[in-house]
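Welcome, and thank you for taking a look at this model. Let us walk through it together, one part at a time.

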Amino acid sequence: MFDKILIANRGEIALRVQRACREMGIATVAVHSTADEDAMHVRLANESVCIGPPSATDSYLNIPSLLAACEITGADAVHPGYGFLSENARFAEILREHDVTFIGPTPEHIALMGDKIEAKRTAVELGLPVVPGSDGAIGSDNDAIAVARDVGYPLLIKASSGGGGRGMQIVRSQDELSLALSTARSEALAAFGDDAVYMERYLSKPRHIEFQIVADGRGNAIHLGERDCSLQRRHQKVWEEALSPALNAQERDRVGGLVAKAMADFGYLGVGTIEFLFEDGEFYFIEMNTRLQVEHPITEMITGVDLVQEQIRIANGGNLSVSQDEVSYDGHAIECRINAENPTTFRPSPGLVEAYHPPGGLGVRIDSGVYAGYRIPPYYDSLIGKLIVFGKHRNECLMRLRRALDEFVIEGVETTIPLFQSLLMQPDIMNGEYDIHWLEEFLAET
Amino acid sequence: MSRSKKSIDQDLIRELAALLKETELSEIEVEQDDLRIRVARTLTAAPAALQVPVARTDALPGPLPVEADAAGKPGTVNSPMVGTAYLSPSPGTPPFAPVGTEVKEGDTVLIIEAMKTMNHIPAPHTGKVTAVLIENGDPVEFGEPLMIIE
């Protein structure tokens, strides 16, 4: 087993990895920018290395600095968390060249799934249903018109190097097509350095349903059920739940079986998430994330599988800790991402957290690096922490979530707790009847 | 680099400084494990803390000597990168800039090695080396105080 893991991330996920390593008896190295010197995981790790100034480019994305930190501490593996370099094939490749294990998939698989056009092509080859769309990148405007006619309006133009909801343009009719194409191309070039775009049918009221998979790199893969992440604001997930209120056991087993087989055939290594849009009983593959996801805790709560420990074990050449037959779903879990933002304008609110008292009790889990006296830096994301509740069934979760939100004390910065409190008063939320547009429509009304 | 004991040391220094004031002494020195702290003041100046590590190990983790003064002092050269610091061009050769050396801005004062590349660290300004805060072969992190050039 690894002697020492370097945690190449920050905030709550760095703390999550720190905890897993500690439980496994693995020493940890916390790397941090100067702005994160007082981070909770830095205080708890065995060693820490300051890797740069506040800017992410010069610190958490600074590959030479991270490599040097591995070198001076003798770390034999790196856990990249999520975001930052977690889906950077080059980083994975460089670590491999330096005999440091990247806890994640192979650079080849990261690169393949990072190219959204290739990912979709691969999904088709692996037998997954996909959103009807262009076969690969769009060429000339004339090509576009022809493809668009096949795909049908309204449609989406998506950046091949995008993902996570970024770099998408809606086109409602042929008149809008030319302008949307050029806008999409120039935005894609600016944001991702690649102006390749493809087209997909626009689904009007889909749910976002994603499946958690785990694979050992030797052709064995399982799925751990789905998560419903339909409640999003500007393509950022805000509230996730497992299992989805919209699926039954039959659909779960069918699609779960499909993705597990796909990943086994693919020869994938590590954890990953296959994201679908689900509408009118049909599943449509949109992308695969080759890393741990923010919302992984809700899957952990209902399956009992520690996904970070699983990642570490697998990266070390170990077997999956459960077989598909042994996977069972117990109860229901909901996660709320609590941000340091104004709850109505969503303007970021970094600063000093003067009072902090998280909720507790049965079935309440907080994944957060924040503490009273901690200063939330302005340079990174505004996530204060994740509030996760677990219950025997969805209704118990909802009651527990309301109770937990009411107890949560965070003073000194604005938080989105009031947003969740108001969501819990909406009949649609109580009934689990929402799609990916629901939250923005709700926010527009209020 | 590893700061497991940092906050305790600061509290201790604060305590000693308060004790100094209370007792009207001008100097207190205490030794604790492998750490020795001397707190001194002149009648008109505020208490100054000087901390000298009794034993310095290369193995991490270990208590980091608190360079409470050095970090903020004008003339401090902080590390621009992560790596292993060497004070001389190669083993056995004389160091670039031992205490007392007059250096010009741009002169190499030490080397930081990372991934088999030797990076020459230049003096950011002209002056005299009054303190070298690290030892040859020490691992250093970004922002770590390396030496003082006044």
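Two residues are said to be in contact if their C-beta atoms, placed from the backbone, lie within 7 Å. Helices (H or I, at least four residues) and strands (E, at least two) are DSSP runs, numbered from the N terminus. This is a predicted model, in which local features need pLDDT of at least 70 and side-chain atom pairs count only at pLDDT 80 or more, while totals for chains, interfaces and linings use all residues. Residues are numbered from 1 along each chain as its sequence is written, and chains are lettered from A and ligands numbered from 1 in the order in which they are written.

Let us begin with helix 6 of chain A. A residue is buried if 20 or more other C-beta atoms, placed from the backbone, lie within 10 Å of its own. In helix 6 (residues 116–125) of chain A, the buried residues are A:Lys116, A:Ile117, A:Ala119, A:Lys120 and A:Ala123. They line one face of the helix, because they fall within an arc of 160° seen down the axis of helix 6 of chain A; the arc is that of the directions from the helix axis to the C-beta atoms. These buried residues pack against four elements of chain A: helix 5 (107–114), strand 6 (155–163), strand 8 (197–201) and strand 13 (282–289). Just after helix 6 of chain A, A:Gly127 has a positive phi of about 90°.

Next comes a pair of helices. The axes of helix 7 and helix 8 of chain A come within 10 Å and cross at roughly 135°; axes are lines fitted to C-alpha atoms, for helices over the stretch in contact, and angles run from 0 to 180 degrees between N-to-C directions. The residues that make this contact are listed here.

| Helix of chain A | Residues in the contact |
|---|---|
| Helix 7 | A:Asp141, A:Ala144, A:Ile145 and A:Ala148 |
| Helix 8 | A:Gln174, A:Leu177, A:Ser178 and A:Leu181 |

Now for the two chains together. Their contact takes 16 residues from chain A and 15 residues from chain B. On the side of chain A that touches chain B, strand 3 (47–52) and helix 3 (63–73) of chain A each supply at least two residues. The largest share of that side, eight residues, comes from helix 3 of chain A.

Finally, chain B has one helix and 11 strands. Of the 150 residues in chain B, 23% are buried. Among contacts in chain B between residues at least 6 apart in sequence, 52% join residues at least 24 apart.

Conventions. A residue is buried if 20 or more other C-beta atoms lie within 10 Å of its own, exposed if 12 or fewer, and partly exposed in between; C-beta atoms are placed from the backbone.
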